[in-house]
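Here are some notes to read alongside the model.

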Amino acid sequence: MELYCPNCGYRSRRYTHRCPHCGAPLEARDPPPPARVLGEGDTPLIEDRYRGNRIYMKLEYLNPTGSFKDRGVAASLSWASKQGYRCVVEDSSGNTGISTAAYSSHLGMEPVIVVPRSASPGKKRLIKSLGARLVEEDTREDAARRAEELAGECFYVAHAWSPLFIWGTETLAGELPRRLLGLPIFVPVSSGTLLLGLYRGARRAGVDARLYAVQSPMASSLARLVEPVAVLGSSQGMLDALVYRNPPRLAEMVEAVSRGGVYIVGWEYASRAYSWLLRRGYIVEPSSAVVMAAYMHAVERGLVGDAVLVLTGSGLKYLG
């Protein structure tokens with residue numbers, strides 16, 4: 001596998017999470033086929049109804065560690081394991097850390113996970129239970145800086161930067177029938193890895209997807225460059241999985257939503273959608289509910305009809 005920089009032309013077969021010359025995100029040429037390590041992927045696709053419209057729920061929270069992050073982590077760490085790495089470092093608000101801890105332990109690598117202090121207590125306990133050394137920093141940005149410092153000779157997952165991680169999330173697009181790839185698709189967005197995986201995967205399938213990125217008030221990076229369809233509330237509340245403020249692939253994220261749009265959803269609106277989802281049997285984390293809140297608004301305004309909603313994280317991590 002060769003890594004290359006679209007910005008300055010740098011090329012190397014040595015892994016690094018970003019270009020050492022210009023600092024831009026790298027891309028991968030001839031990446032290995034994403035491996036299935038713990039049975040990730042092939043998550044259920046459930047047809048439901050809202051106000052007479054068909055909604056197709058992609059249950060990513062039923063991945064092995066309870067989030068879509070397993071797709072990217074499996075692709076990243078299966079490659080790292082084959083390259084002989086013995087330890088892994090990652091920064092996370094929770095879900096990526098849980099996934100990295102589980103997959104690292106399974107593959108025989110020592111994990112170190114750096115999280116912001118605001119991360120869910122339940123998620124932090126689970127990371128430690130999975131055998132990882134947990135490091136806490138004040139903010140999400142501090143966690144990223146600390147993880148980079150700790151990486152050394154370890155494999156740094158760097159999920160927001162790594163082309164391997166996005167290569168793994170592309171597998172989601174391959175599980176959606178072509179007719180559904182053509183529907184509006186609502187996706188929770190923080191670092192942007194799932195949005196970009198869907199965007200790239202749909203393009204690979206020859207579909208120009210209509211993607212709606214749904215962000216929280218704390219991490220509304222796309223709103224700096226794209227006029228939101230709507231801003232629904234201003235409270236961050238329990239949206240603790242949507243806190244990545246400065247994603248490195250923001251320009252491509254803007255491209256990805258060019259046919260759809262951007263929603264900013266606060267907890268005031270997400271909490272109502274959260275209740276609706278739970279009462280329909282979808283045990284998701286609060287951050288997943290932003291897509292239902294955005295979809296409800298879009299239906300009420302006559303902007304969409306049938307659609308796909310990606311439910312990204314498990315609510316079982318929030319018990320207690």
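1. Let me start with a loop residue: Asp 30 sits in the loop between β3 and β4 (45-50); helices (H or I, at least four residues) and strands (E, at least two) are DSSP runs, numbered from the N terminus. Although Asp 30 is not a glycine, its phi is positive, about 55°. Asp 30 is exposed, at a relative accessible area of 63%; here buried means under 20% relative accessible area, exposed over 50%, and partly exposed in between (1.4 Å probe, protein chains only).

2. A word on the source: this is a predicted model, in which local features need pLDDT of at least 70 and side-chain atom pairs count only at pLDDT 80 or more, while totals for chains, interfaces and linings use all residues. Residues are numbered from 1 along each chain as its sequence is written, and side-chain values use heavy atoms, with hydrogens and water left out.

3. Arg 51 also deserves a look, with a positive phi of about 50° although it is not a glycine. Arg 51 lies in the loop between β4 and β5 (53-59) and counts as exposed, at 59% relative accessibility. As background, most residues other than glycine have a negative phi.

4. What is the strand order in the open sheet of 3 strands? The order is β2-β1-β3, with antiparallel pairing; two strands pair if DSSP finds at least two bridges between them. The edge strands, β2 (11-12) and β3 (27-29), each pair on one side only. Between β1 (residues 2-4) and β3 there are 3 bridges in the antiparallel sense, and Tyr 4 has Glu 27 of β3 as its bridge partner.

5. Because 12 of its 14 residues are buried, α1 is largely enclosed by the rest of the structure. Among the buried residues are Lys 69, Asp 70, Arg 71 and Trp 79. Their cover includes β5, β6 (87-91), α2, β9 (155-156), α5 (163-169) and α6 (171-174). Just after α1, Gly 84 takes a positive phi of about 95°.

6. Strand β13 (residues 261-265) is mostly covered, with 5 of its 5 residues buried. Gly 261, Tyr 263 and Val 265 point one way, and Val 262 and Ile 264 the other.

7. The structure holds 1 cavity of 30 Å³ or more, and the largest cavity has about 240 Å³ of space. Of its 23 lining residues, the closest to the centre are Phe 68, Lys 69, Ser 190, Ala 241 and Leu 242. The elements giving two or more residues to this lining are α2 (95-106) and α8 (193-204). On a 1 Å grid over the protein atoms alone, a cavity is a set of points where a 1.4 Å probe fits but cannot get out, and lining residues have an atom within 4 Å of a point. By class, the lining of the largest cavity has 8 nonpolar, 12 polar and 3 charged residues.

Notes: On a 1 Å grid over the protein atoms alone, a cavity is a set of points where a 1.4 Å probe fits but cannot get out, and a pocket is an open set with protein on both sides within 12 Å along at least five of seven lines; lining residues have an atom within 4 Å of a point. Grid points are joined across faces, edges and corners, and a volume is the space filled by probe spheres set on the points. Ala, Val, Leu, Ile, Met, Phe, Trp, Tyr, Cys and Pro count as nonpolar, Asp, Glu, Lys and Arg as charged, and the others, Gly among them, as polar. Contact means heavy atoms within 4.5 Å.
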